Amino acid sequence: MFWRNVKNGRLQFVCLFVAFGFLPVMALAQYHPKDTEWPSYAADTAGTRYRPLDQINASNFNDLEIAWRIKTDNFGDRPEYKLEGTPLMVNGALYATAGSRRAVIALDPESGELLWIHGEHEGKRAGAAPRQLSGRGLAYWSDGKEERIFYVTPGFRLICLDAKTGQGVPSFGEDGIVDLKRDDDQTISAWNEKGEWVPNLDTGEIGIQSAPVVAKDTVIIGAAFREGMTPKSMRNNKGYVRGFDVRTGKRLWIFHTIPKKGEPGYDTWLDGSAEYTGNTGVWTQISVDESLGLVYLPVESPTSDFYGGHRPGNNLFGETLVCVDLKTGEPKWHFQLVHHPLWDMDISSAPILADITVDGKPVKAVAQPSKQGFLYVFDRITGKPIWPIPEKPVEVGNVPGEWYSKTQPIPSKPPAYSRNGVSIDDLIDFTPALRERAKEIASKYHLGPVYTPPTVSKLEGPLGTLTMGTASGGTNWPGGSYDPETHTVYVYACNSCIEPIGLVEAPKEVSDIRYIAGVAGQQVQIMHGPGENAGADSPKPPKKRPASQYVRLDIDGLPLVKPPYGTITAIDLDKGEIKWQIAHGETPDVVRNSELLKGMNIPRTGQETYNIGTLVTKTLVIAGEGHVTTTADHPRGAMLRAYDKATGKEVGAVYMPAPQSGSPMTYMVHGKQYIVVAVSGGPYSGEYLAYTLPSAGE
Amino acid sequence: MKGLLLFAALAGVLTPFCLLRAQEPAETRSVWDGVYTDEQAKRGEEVYRKECAACHGEMLTGGESAPPLTGGAFQANWNGLTLGDLFERIRKTMPLSKPGRLTRQQNADVLAFMLSINKFPAGKTELYRQAEMLKEIRFETKKPAPKNRLVFNSRAPGNQGSSLDRTPFFRAWS
């Protein structure tokens, strides 16, 4: 069967290659996903990425072979090289977002056969979207009778599909769609050619790439924006969070991540800055405790990642973990991880809900991984830290007009699981000569521990603050995993993602913000959205410009800091202690083949990347590599690795043709366990790979 | 007629060698052979700043939504492929909001800029803007051994998989 129709300007195409006769008949009672399924982005709404499956284990991981694979090139008008999705597998079908159109596909989980595809053609609205491409996934809901799939398009529309057919559900919103740019307690706006801030649903900046979360009968959606290092204005749309009825699409509640006048937290924005400051969305995964009826919102940074002079005050709920009521959105408690954010330490991943035992007492906890390498652990009912998180004095900077918090909360337990500052001791030390060269480079920057503030970039130095654990450090969007049997968090972290943060004065025609990210001696460059501001009337570059001041933060390709470059850490949540930590990933080619290290025996270093997600099963922690390597054991490619979850010892690895770009998931169908992972990057366009064990006799 | 036959026979014998000779220099070229000019890289820098830096960063080190265009991970991704592959990747998918907006010349200039930042040497001729021709230039992370040290035995130890081991026979004719 095949049909295609045009409705209300929206082209919807649905291909049904097979009838759904193979699907089991749904029971009329409420559908309860089994632990052999993967019904939510992170396996469940607690953010665990855990399934208690054990068919694939230490004894046979190396035997895994590809059961099926699907390239995503044709799910859009051009191939995509950044496939970040994690599929769902529930009730006999696998669902995923795919391709540059962010299409939704349904596949047979055993064969990979395409069952249906759904795509939305949004024109200009998608072209101007701040978060494009295939996104990270979707959400599933069933009442035991109806089955629905939810996702958000690049143009910021919430789509509700019939999971059996891929057709829109007419009773949801307007013909299956809720326009998320409307009914948002603000008028989504954009700058026009005259420099006026005016309503514009096409180009008004707001969108999302994460998967919606469905809990009970509510679907919850956050908001994302462009990267905020050099915004053109201190004013932007705000990233409120909303809950919608899964059946009707009716808005049930909204949470103002920047409080409105009269709401708690408004007074943390001095000089009325809450009125114009934007961003502060929840762009990553939201977690929900359905039984408690509580939602956990990891909120990102306010407008202008690295300069906060136009938003004096602590800026609630920027970089704050907020707990709200699932039915009403009413705030229950909050904890601000970073006061007056200046380091782009968005809370970047799903809060992990964990039932643990501390000092012999059961505690319902929430553990929040972070870019800064701290795992913040709270009682998830009260918000009280499980172990003290005292306010400690931090360096106060001297950027003109900036407002500084003199203290920041630093967890006493568990210890930081990745580097979150740069000192001389962190620099490369394979040889004394390399250390000296690294020191010379580092001498151009201001160094310091976590929360060392950005500096104004000066030609004579410092060029900026050399930071780690900021924009791309520690744990980013893939987040961690949690083993509910052993009360252990497993979390990947980039341990070498250095970020130089320098500020330069922004010319008025570039931004109304006083300072934006930049380097002294280089032309001020607004980091606008891709393609934006490139038209005929955009500001002309100056005729004369200073010479480029590229300072390479590596030494002949070797990372400036010493290994491990990327790690997986196991953290005992009952004790708040690190159980083990390993370098994850083959030593990069540039290090392994370096002439400077010839003859040296370098243990595996791990890799410098920030987007690795882990999967936990009954016995294993599984994660792919984020870099391509070419070794004596395998051609150019990356490995999907398995570790004994008790010890961190590697027990197996299988080849992937490209790096892991979306987090792995697992499920079981007809007695066989599968692992599905998204790979892409560099020359390799997006592909989902499904691994399984050989059948008997193969 | 006899002359024609002789010509045809000669052509039949010589043409393969001519073709091989014509291909020979291209087959051995890599990014280490000065395949772009400084001037072109400067033009590319202008385009890069306007069109690419927003996502890939002022220093090509990447951002949250775009990978780095310099450094070990970038080079490992493209090692052993050709500039044609990289050029087509840029041309077909970038800039994200409107792929194909840049001209082939602009794309070639940006590629030249990327090569300069990755410390591949500049030369006297500009980088081509035709993907087919760029496919004849290999992206090699490691500088190949000097040509006068060419090893004729392609199975010689240390020469396995080398980019040079497919061409020595034909080099003898040049």
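Colleague: What covers the buried residues of helix 2 of chain A?
Modeller: Keep in mind that this is a predicted model, where local features need pLDDT of at least 70, side-chain atom pairs count only at pLDDT 80 or more, and totals for chains, interfaces and linings use all residues. Residues are numbered from 1 along each chain as its sequence is written, while chains are lettered from A and ligands numbered from 1 in the order in which they are written. Helices (H or I, at least four residues) and strands (E, at least two) are DSSP runs numbered from the N terminus, and a contact needs C-beta atoms, placed from the backbone, within 7 Å. On that basis the cover of helix 2 includes strand 28 (465-468), strand 33 (554-555) and strand 34 of chain A.

Colleague: And how wide an arc do those residues cover around the axis?
Modeller: Buried means 20 or more other C-beta atoms within 10 Å of a residue's own, exposed means 12 or fewer, and partly exposed is in between, with C-beta atoms placed from the backbone. In helix 2 of chain A, that makes A:Leu434, A:Ala438 and A:Ala442 buried. They sit on the same side of the helix because the arc, taken from the directions from the helix axis to the C-beta atoms, is only 75°.

Colleague: Which residues are exposed on the other side of helix 2 of chain A?
Modeller: An α-helix has 3.6 residues a turn, so residues three or four places apart point the same way. The other side of helix 2 of chain A has five exposed names: A:Pro432, A:Ala433, A:Glu436, A:Lys439 and A:Glu440.

Colleague: Which strands stand at the edges, each with a single partner strand?
Modeller: Strands pair if DSSP finds at least two bridges between them. Here four strands of chain A make an open, antiparallel sheet in the order 18-19-20-21. One side of each edge strand is left without a neighbour in the sheet, since each has a single partner; the two are strand 18 (287-289) and strand 21 (331-336).

Colleague: Inside that sheet, what is the bridge partner of A:Leu294?
Modeller: Strand 19 (residues 294-298) and strand 20 (residues 320-325) of chain A run antiparallel and are joined by five bridges. A:Leu294 has its partner in strand 20, namely A:Asp325.

Colleague: Which residue in the turn of the hairpin formed by strand 6 and strand 7 of chain A has a positive phi?
Modeller: Strand 6 (residues 103-107) and strand 7 of chain A run antiparallel, joined by four bridges, with A:Val104 opposite A:His118. Strand 7 (residues 114-118) is largely enclosed by the rest of the structure, because four of its five residues are buried. Six residues lie between the two strands, and the one with phi of about 80° is A:Gly112.

Colleague: Over to chain B: at what angle do the axes of helix 2 and helix 6 cross?
Modeller: Chain B has eight helices and zero strands. Axes are lines fitted to C-alpha atoms, for helices over the stretch in contact, with angles from 0 to 180 degrees between N-to-C directions. Under 35 degrees counts as roughly parallel, over 145 as roughly antiparallel, 65 to 115 as roughly perpendicular and the rest as oblique, so this pair is roughly perpendicular. The axes of helix 2 and helix 6 (residues 104-117) of chain B come within 7 Å and cross at roughly 105°.

Colleague: Which helix supplies the largest share of the side of chain B that touches chain A?
Modeller: The contact takes 36 residues from chain B and 36 residues from chain A. Chain B's side divides into 13 nonpolar (Ala, Val, Leu, Ile, Met, Phe, Trp, Tyr, Cys and Pro), 12 charged (Asp, Glu, Lys and Arg) and 11 polar (the others, Gly among them). The largest share, six residues, comes from helix 4 of chain B.

How values were computed
Two residues are in contact if their C-beta atoms, placed from the backbone, lie within 7 Å.
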